[in-house]
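Please have the sequence and the structure at hand while reading.

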Amino acid sequence: MFPTPIEKSTSGKQWAYKLALPIALFFWLLPLLAIFMTSIRPASDIAVGNVFGFPSSFQLFQNYGEVFAKTNALQYLINTLLIAVPSMVLSVGLACLTGYALAIYRFKWALPLFFLFVAGNFVPFQILMLPVVDISVKMEIINTVPGLVLFHAAFQTGFCTLFMRNFIKALPYELIESARLEGVGEFKIFWYLVLPLVKPAIAALCVLIFTFIWNDFFWATVLLQEDSSLPITVGVRTLNGEFVQQWHLVSAASLLAAMPPVLMFFLMQKHFIAGLTLGATKG
Amino acid sequence: MATTEFDSHDRFATSSTQVAIAGIILATCLFILYFVVNTAMVQELLGYTQRMHARVPTFFVRLVVVIIAIGAALYLVTGLSVYKRNKVEWAPWLFLALGLGLFMIYVIIPIFQSMSYSFTKWDGLYDIDGNWTGEWVGLHNYKILLDDPNFYTSLKNNILWLVLYMLAVPIGLFIALFLNQTVRGIRIYKSLFFFPFVISQVVVGLIFTWAYNPEFGLLSEFWSWFFCETKENIMGNLTRVCSVDPPSILGNEHTATYGIIAAGLWPQIAYCMILYLTGLNNVSPDQIEAGQLDGAKGWKMLWYVVLPQLKPATFIAVVVTVIGALRSFDMIATMTQGGPFGSTNVLAYYMYDQAVGEGVGRYGYGSAIATVLFLIMLVYISYFLWRMYQDEKEAK
């Protein structure tokens, strides 16, 4: 039990702990492991009930190849990138500006506006759904990727502003004040002084927002209809209907959809966790 | 003396070149915007009517022009004497303009629009002249809502989600405590435990749909260890014979919701775990030692010494869990689509189903459901904001 460090306990306990770790991990990730095993075995295995045993043959490339050959999976993946990357750039960029405004300037609207961003960030999607569809129809951007990008960018600006504002608020205020006394313009202070200092926050936000948007399902179903512009999350759902009972293909497609955020997480782990755990330590 | 006066005068004067350049750009943009909106006219002018795939390109042109126009407008304002005199008062609004504008249009105003839709009967369409086709019905939608058994099922399920989803907080804490050691490779263990959170909820839904499958899922496999044996049938093939058939969790209206919640807990526990792991990193060793000197051990240590220090982490974990529970949609859409017999509906999914799913098109009724969901969420949002406000006051 916490907080006894394991090095201080008996060697028996230490061994037990080291043994318990992989076992616990195995059970924790069992659904994922099982689905991976399914994705590399032939359909015949599943038919005869060999779901967990050793695959009768390894079909890693055949199964994943079949997903790409039989479906628009590649198109779906590209679409997701086309949605996620511009939305990420837009929302993080806008949030740098808004976050800076709300953190540095001491005007009486600063706190209410900040709370507006925070509150908007937490509302249920359903209350936004119909008006957003309506706006998109009026602007003639419904069923288009830019239409979805614009919405994502606007919505994620809420979370990004929360993050950015708190990050910039923690910077030493004297820095900005002295620059102002030197006669440096407001935008120049932002561009040359603050922006280089918030690079870690930008990195954390980019990783996080990319993952959020990559995993978005709801807004893509609501705002996109044409098969050629769907992202992978919606695509995989559709495949599930097409490949009835072909679980080796469904699982391969699911893992494909999960791959990029997982890679992103492993490559940028530090930033990712810094972003998620914002506020979990202060106070 | 004279030069300083001149300088100070100059510093605040409108810089006419800047304003002129920005003004010309802005005017051009507005001019283009006006014409590009009339796409047909431009196409006729250029002599081609059908070749252009009109919608997306015009949208992009418009977007680019709008961005340039906003940039020019901001540049224009910064050249004005009145801006220069009140720089510190005006600058925040210039920084806020774009982000706040977009956020207002897409998030804040729609909340009120949805609420107003909930007093109407509308199918989302406009007539040929662009007039709204709905009608005002007052509280009618809310009256129907009170007699709708599906609404009560959804509400009950929402409460179930809220209560059971909260298990993610203690379980996450438990796993965090378990992993909070320093042995070789612990970092990799921590990130692997966090894994489920990174995966899309749709994929988690599919994984668990498969795991619950009574014929060849993960659960049926465990089931067969206890209740089944493999026999050779008359044809000489191996078949599985079970004394009790494996349950179809998602096919049974009494268990389906629990099945989905269990699936949803998997990533949520991972999220809470990472929050607590970060919190534990910052627990002060001095206080732990002091606790040890006072004879605190095990549960007592956890409850009286460690948990109070984890308060910020607990707060965030509770907030994200509540919001996650009330936002549950993806899993239901992938795993059951509200079925069997509407038993797994939650407000979020039921609203979607009524408004756009199945081609129902009940915008007014859907908005009424969304408004109820929003009001429930508003309780938590207000509490969260109130807590943030207290923190801000302390910081000052």
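This is a predicted model: local features need pLDDT of at least 70, side-chain atom pairs count only at pLDDT 80 or more; totals for chains, interfaces and linings use all residues.

Over all chains, the count of aromatic pairs comes to 50. In one of them, the ring centres of Trp28(A) and Phe193(B) are 5.9 Å apart and the planes meet at 25°, so the pair is stacked. This pair crosses between chains, with Trp28(A) in helix α1 (residues 11-28) of chain A and Phe193(B) in helix α10 (residues 186-198) of chain B.

## An edge-to-face pair within chain B

Phe208(B) and Trp266(B) also form an aromatic pair, which is edge-to-face, with 5.4 Å from centre to centre and 65° between the planes. Because Phe208(B) belongs to helix α11 (residues 201-212) of chain B and Trp266(B) to helix α13 (residues 256-281) of chain B, the pair ties together parts that are 58 residues apart in sequence. Phe208(B) is buried, with a relative accessible area of 10%, and Trp266(B) is buried as well, with a relative accessible area of 6%.

## A cluster, and charges over rings

One aromatic cluster includes Phe125(A), Phe151(A), Phe155(A), Phe217(A), Phe218(A) and Trp219(A), together with Tyr106(B), Phe329(B), Tyr349(B) and Tyr352(B).

Charged side chains also meet aromatic rings: the charged end of Arg106(A) sits over the ring of Tyr173(A), 4.0 Å from its centre, and the charged end of Arg387(B) sits over the ring of Phe315(B), 4.1 Å from its centre.

Key. Residues are numbered from 1 along each chain as its sequence is written. Chains are lettered from A and ligands numbered from 1 in the order in which they are written. Side-chain values use heavy atoms; hydrogens and water are left out. Rings of Phe, Tyr and Trp (its six-membered ring) pair if their centres lie within 6.5 Å; planes under 30 degrees apart count as stacked, over 60 as edge-to-face and the rest as tilted. Helices (H or I, at least four residues) and strands (E, at least two) are DSSP runs, numbered from the N terminus. Buried means under 20% relative accessible area, exposed over 50%, partly exposed in between (1.4 Å probe, protein chains only). A charge sits over a ring if NZ of Lys or CZ of Arg is within 6 Å of the ring centre and within 35 degrees of the ring normal.
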